[in-house]
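Take a short walk through this structure with me.

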Amino acid sequence: MNLYFIATILAIASVVNCATNANPFLASQYYVNPVFQKELNSSIATCNSQSLFPCSETTKQTLISMSNIASAYWLDTISKINGNTTEHAEGILSDAASQSPAPLVVFIVYDLPNRDCDAHASNGEICCNPNSDGSCNYNMGGDCAQGLQRYKTEYIDQIAKLFAQYQDRVPIVAIIEPDSLPNLATNTDNPHCGNSATQAAYMQGIPYAITTIANSAPKVTMYLDAAHGGWLGWQNNLNTFAQLVVKMDVAQYIRGFSDNVANYQPIGDKQCPSVQYCLNGQNPSDPCCSDPCHLISQYNPANNELNYVAEVVSVFKALTGWTPYFVTDTGRDGIANERSQCSNWCNIRGAGIGYTPRTNTPSPYVDAFFWLKTPGESDGCTQMLPDGSQCPRFDTMCASSDSIGSRPGEPRAPQAGEWFDYQIKMLAANARLN
């Protein structure tokens, strides 16, 4: 064991941070964004038996009930930070501060240089090496100095400054850079992720985001994204991810991890008593071994997200002695077996909304179930957009056999993050809120 690794373990064990020691979701109220309510109301107004996705009265009532349920707000562009409306972090925090008591606000920090390196649907605005049209040249290497400078000064520094202004008036949670570190753990064979520029962007950008927010606004609770069990549940993948976290030396600043963000993995009804409880044909009749994604036969013990959480905890306890806690995205995982292949992730047909936000979970390590991906916002576009034009961010995964828009008669899907009326009605029709 090298000296750097020992120093990292000692740092994790010795640092006490009030934002990492308590479950922030125990707050009595969560912030409901008027923008989400407006989007929902547009779908409620057209929810009837003649709509493209036929709506029953039950579906309509589900949509109406959702208008009072909180979800996270994605800071996926610099333009969403400062501004007076609730389409901006500043406006959201101001609105929350005006309420008594101030509700918990959850933000997704998501704008790394060369973001979303293994896909196309959510490629970001900050590039290590920009092309002439503003898109990112993911094939070019380098140190990403220009992109990192912009990320630090125009994005993270501005968020940290804003959080510092409001941390004493509003409880704040920040989910840090979904999918990014998992991509470095598993997808470096893709040159878009493995080149020196993307590596520099992620390995320097993530620690900068975490430490800058922690130092400027220590009352903000942060969770670093850890993908999901269908991605990192294999032991080699998870070990690589854990080593990256250790190398970044950020565990002392975060409460733990987010999982299943913007995905559809089954949560599970209960957590198994041990990590390898279901492997090698053991205990097949136990409900905790239910395996709709057929992961156990691939020697992946993370057949559901509760078991994935337990696996991640066991790895970090063994590696560093640290016990991380989790917030699990339940926005679209109400149906466990709707996909023909669980590697499909884009606008899944037959999906349903899952558990509403809550702290009463089946795992001692899960702080909360929460809608981190706003239900009804598209995962990515079909090749042709609803207006008939070509999508500039088309990802072939959004043409999978499980994706809305891949069958005749289905609507085209808008770009990632845009409101998808057909999808929200489908999600509400298949909802399993409790």
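Buried means under 20% relative accessible area, exposed over 50%, and partly exposed in between (1.4 Å probe, protein chains only). By that cut-off glutamine 167 is buried, because its relative accessible area is 15%. The model is predicted: local features need pLDDT of at least 70, side-chain atom pairs count only at pLDDT 80 or more, and totals for chains, interfaces and linings use all residues. Residues are numbered from 1 along each chain as its sequence is written, and side-chain values use heavy atoms, with hydrogens and water left out.

Glutamine 167 sits in the loop between H5 and E3. Helices (H or I, at least four residues) and strands (E, at least two) are DSSP runs, numbered from the N terminus. Leaving aside neighbours within four places in sequence, glutamine 167 is in contact (heavy atoms within 4.5 Å) with Ile172, Ser216, Ala217, Pro218, Lys219 and Val220. A polar atom of the glutamine 167 side chain lies 2.9 Å from the backbone nitrogen of lysine 219.

Seven strands form an open sheet, ordered E1-E2-E3-E4-E5-E6-E7, with parallel pairing. Two strands pair if DSSP finds at least two bridges between them. Strand E1 (73-75) and strand E7 (366-370) are the edges, each pairing on one side only. Strand E3 (residues 172-176) and strand E4 (residues 221-225) pair in the parallel sense over four bridges. Here isoleucine 176 stands opposite leucine 224 in E4.

Key. Polar contact = N/O pair within 3.5 Å; in protein donor to acceptor, adjacent residues only side chain to side chain.
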